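Subject: Structure handover

Hello,

Here is the structure I promised. Please open it alongside this email; my notes follow below.

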Amino acid sequence: MRIQINNIHSTNSLSLIKVLSRIKKYDIIIIGSDIYKKGECAGSLLVDKYYQAPPITQEKEYINFLNDINKKEDIDLLIPASDAEAVLLSKYGNQIKTNFFLADYETVALFKDKLKVTQELMKNNIQVPRICNNLFNEKKVIFRKRNSVNSLGIYIVDLEKAEYIENHFHPDYFVQPYIEGDTIIVDVFSDKEGIPKLIIPRKTIEIKDGTAFRSQIVYDETIITITKDICNLYKLPGFCNLDFKVNNGEYYFIELKRL
C-alpha cells in the first residue's frame with residue numbers, strides 16, 4: 001500500500017509516519033512531502049520517498065503537485081495532514097485524482113470557522129463556552145481568532161488583574177469565558193462513511209508550541225458519548241482530534257482539528 005503524507009515537519013505527521021512504519025502486517029510505502037528541501041526537516045529522512053511541495057496557499061500549483069505525485073507513485077491513499085490541506089482537498093476534491101477521505105466542504109469550512117461552529121453546536125445542544133457580547137461581569141476571558149490552528153490566534157486576559165487589554169475587538173475575533181480545568185484531546189478514526197471506529201481520549205499533561213507534548217490516555221464514558229454525538233451530527237471520515245475542557249464535571253467542546 002502506497003500512502004502519501006504531506007506537511008511532514010509537523011509533530012503529528014511525524015507520529016503518523018512512525019506508527020505506519022511499525023506496521024509489519026502490510027507492505028506500506030510512505031511518500032512524504034513538505035515545502036522544505038530534503039534533509040531540512042526530519043520527516044524527509046523517515047519516509048520511503050520524499051518530494052518538495054509548493055506552499056499550500058498556491059492552490060492550483062498544489063493540486064497539480066498532488067496529481068503529479070499520484071501519477072508517478074500510484075498512490076493508494078492520501079492522509080490529510082493539516083486543517084489547511086483538509087479545506088483545500090474538500091474544496092477541490094473533484095480535481096484531485098488521489099484517494100482520500102474527508103467530510104464535505106461545508107462541514108470542513110464550518111469547523112474551520114470557530115465562531116460559526118460554536119453557534120451551530122449551541123443549536124444542537126452540544127455544550128460549548130458561551131459567547132461574550134461584552135466584558136462586564138466577566139473575570140477571565142479568551143479572545144479567539146475565528147480562523148486559526150492550535151493555540152495561534154488566542155489571547156487570554158484575566159480581567160481582575162490586567163491593567164490593559166490588547167485591541168482584539170474586531171470581526172476576526174470573538175470572546176468566550178476562559179474555562180479552567182483539564183484539557184482532553186480525543187483522537188478519532190472513522191470509516192469512509194464517517195462512523196467512528198476508534199475514540200481515544202487523552203488528558204494533556206504538557207503543551208509545547210500549541211500542541212499536546214505529553215498526554216495520558218483516559219477512559220471517560222461522558223466524553224466518548226459527546227464525541228459520538230458530534231460525529232453523528234457531522235460525518236467526519238478519516239482522522240481528527242476533538243478538544244474539550246473539563247471543569248467540575250462539565251464538558252465543553254473547544255475545537256476540532258485534523259492530525
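Which residues do ring pairs link into a cluster? They are Phe111, Tyr234, Phe244 and Phe253. Before going further: this is a predicted model, and every value here is computed from it.

**The cores**

Some of those names come back in the largest nonpolar core. That core has 44 residues. Ile230, Leu242, Phe244 and Phe253 have the most contacts inside it. Helices α2, α3, α4, α5 and α6 each supply at least two residues, and so do strands β8, β11 and β12. As general background, nonpolar side chains tend to be buried together in soluble globular proteins.

Take Ile230 as a way in. Residues up to four places away in sequence are not counted here. With those set aside, Ile230 touches Phe111, Ile126, Leu242, Phe244 and Phe253.

There is also a second, separate core, with 14 residues. Ile5, Ile17, Leu20 and Ile28 are among them.

**Helix α3**

Is α3 mostly covered or mostly open? Mostly covered: 7 of its 9 residues are buried. The helix spans residues 83–91. Its buried residues are Asp83, Glu85, Ala86, Val87, Leu88, Leu89 and Ser90. What covers them includes two helices, α2 (59–73) and α4 (105–112). Strands β4 (77–79) and β12 (250–257) are also included in that cover.

**Ile184**

This residue is found in strand β8. Its relative accessibility is 7%, so Ile184 counts as buried, the cut-off being under 20%. What does Ile184 contact, leaving aside its neighbours within four places in sequence? The list is Pro201, Arg202, Lys203, Ile223, Leu242, Asp243, Phe244 and Val246. Leu242 and Phe244 were named above for their contacts inside the largest core.

For scale, compare Ile184 with Lys71. They are 113 residues apart in sequence. In space, C-alpha to C-alpha, the separation is 40 Å.

**The sheet**

Three strands form an open sheet, in the order β6-β5-β7, with antiparallel pairing. β6 (154–158) and β7 (173–177) are the edge strands, each pairing on one side only. From one strand to the next, the twist averages 20°. β5 and β7 pair over 5 bridges, in the antiparallel sense.

**Aromatic pairs**

How many aromatic pairs does a search of the whole structure find? It finds 7. Two of them share Phe143.

- Phe143 and Tyr155: the ring centres are 5.7 Å apart and the planes are at 40°, so this pair is tilted. Phe143 lies in β5 and Tyr155 in β6, so the pair ties together parts that are 12 residues apart in sequence. Both residues are buried.
- Phe143 and Phe169: the centres are 5.2 Å apart and the planes are at 90°, so this pair is edge-to-face. Phe169 lies in the loop between β6 and β7, so here the parts tied together are 26 residues apart in sequence.

Phe143 itself has 0% relative accessibility, so it counts as buried.

Most residues other than glycine have a negative phi. Asn125 has a positive phi of about 60°. Asn137 has a positive phi too, of about 70°. Where are they found? Asn125 is in the loop between α5 and β5 (140–145), and Asn137 is in the loop between α5 and β5 as well. Asn125 is exposed, with a relative accessible area of 73%. Asn137 is exposed at 81%.

**Cysteines**

How many disulfides does a search of the whole structure find? The count is 0. Cys41 is buried, with a relative accessible area of 8%. Cys132 is also buried, with a relative accessible area of 8%.

Best wishes

Key. Residues numbered from 1 in each chain as written. Predicted model: local features only at pLDDT ≥ 70, side-chain atom pairs only at ≥ 80, totals over all residues. Heavy atoms only, no water. Buried < 20%, exposed > 50% of the residue type's maximum accessible area, 1.4 Å probe, protein only. Helix = DSSP H or I, 4+ residues; strand = E, 2+ residues; numbered from the N terminus. Contact = heavy atoms within 4.5 Å. Core = buried A, V, L, I, M, F, W, Y, C linked by side-chain atoms within 4.5 Å. Pairing = 2+ DSSP bridges. Axes fitted to C-alpha atoms, helices over the stretch in contact; angles between N-to-C directions. Disulfide = S-S within 2.5 Å. Phe/Tyr/Trp six-rings, centres within 6.5 Å; stacked < 30°, edge-to-face > 60°.
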